Amino acid sequence: MDTKAPLDVIASSLRRHRARAGLSLTEVAKRAGVAKSTLSQLESGTGNPSVETLWALAVALDTPFAALLDPPRPKVQVIRAGEGPAIYSDQADYSATLVASSPPNARRDIYRIVVAPGPGRKSEPHMPGVVEHVVLGSGRALVGPLDDPVELKPGDYIAYPGDLPHIFQALEEGTVATLISEHV
């Protein structure tokens, strides 16, 4: 079972989206707040990108986060628990595994989130109009706007603006959720 970041997919996606935007390596790095050398390494298929770095690059390129991770998929797709490309946070014991990216003419991506108790993952605002939907599958967590998160228990659902600062903080071991990022 391979759960490492799909570096070759990320590399080609970054190059493709940067070319589409007509931006230089220097300009994308500046907009994303990352070192030019980091972006160069990622575009060459090396490095170890964090969730935060890839989100910053997606925002700088005005593209959905999932577009940087998702290789072409067959018509019928099954992803077993524990499989798929996982990206890890620098801030918390948090991983996001892309389950399904938005198909053409739709604007949503689906992730499996696995989080351990700790300080939580604070997210900077995403692209304007993003709404995040979370269904907690197991454990307990504080989720939602950074200034007013809500405690969720298994089966609970929350929707909140993803274009404002927000947090996902596990309150107990075994916290797993499904997150849908909707681009409106």
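1. Contact here means heavy atoms within 4.5 Å. Helices (H or I, at least four residues) and strands (E, at least two) are DSSP runs, numbered from the N terminus. The model is predicted, so that local features need pLDDT of at least 70 and side-chain atom pairs count only at pLDDT 80 or more, while totals for chains, interfaces and linings use all residues. Residues are numbered from 1 along each chain as its sequence is written, and side-chain values use heavy atoms, with hydrogens and water left out.

2. Overall composition. The chain has 4 helices and 10 strands, and its order along the sequence is α-α-α-α-β-β-β-β-β-β-β-β-β-β. Of the 184 residues, 45% are buried (under 20% relative accessible area; exposed is over 50% and partly exposed lies in between, with a 1.4 Å probe and protein chains only). Among contacts between residues at least 6 apart in sequence, 66% join residues at least 24 apart. The chain exposes about 9,200 Å², of which carbon and sulfur atoms supply 54%; accessible areas come from the Shrake-Rupley method with a 1.4 Å probe, and for residues only the protein chains shown count as cover.

3. Helix α2. In α2 (residues 25–32), the buried residues are L25, V28, A29 and A32. These residues lie on the same side of α2, because they cover an arc of only 100° around the axis; the arc is that of the directions from the helix axis to the C-beta atoms. Their cover includes α1 (7–21), α3 (36–43) and α4 (51–60). Just after α2, G33 adopts a positive phi of about 75°.

4. Strand β6 and its partners. Two strands pair if DSSP finds at least two bridges between them. Strand β6 (residues 141–145) runs antiparallel to β7 (residues 150–152), with 3 bridges joining them. The two form a hairpin with 4 residues between them, and L142 has E151 in β7 as its bridge partner. Strand β6 is also joined to β9 (residues 166–170), again antiparallel, by 5 bridges; here G144 stands opposite I167.

5. Aromatic pairs: W55 and F65. The structure holds 3 aromatic pairs. Rings of Phe, Tyr and Trp (its six-membered ring) pair if their centres lie within 6.5 Å; planes under 30 degrees apart count as stacked, over 60 as edge-to-face and the rest as tilted. The pair of W55 and F65 is stacked, because the ring centres are 4.4 Å apart and the planes are at 15°. W55 belongs to helix α4 and F65 to the loop between α4 and β1 (86–88), 10 residues apart. W55 counts as buried at 14% relative accessibility, and F65 is buried with a relative accessible area of 2%. Ring pairs link W55, F65 and Y111 into a cluster.

6. Aromatic pairs: Y94 and F168. How are the planes of Y94 and F168 arranged? The pair is edge-to-face, at 6.2 Å centre to centre and 70° between the planes. Because Y94 lies in strand β2 (residues 94–100) and F168 in strand β9, the pair ties together parts that are 74 residues apart in sequence. Both Y94 and F168 are buried. R121 lies over the face of Y94, at 5.2 Å from the ring centre; a charge sits over a ring if NZ of Lys or CZ of Arg is within 6 Å of the ring centre and within 35 degrees of the ring normal.
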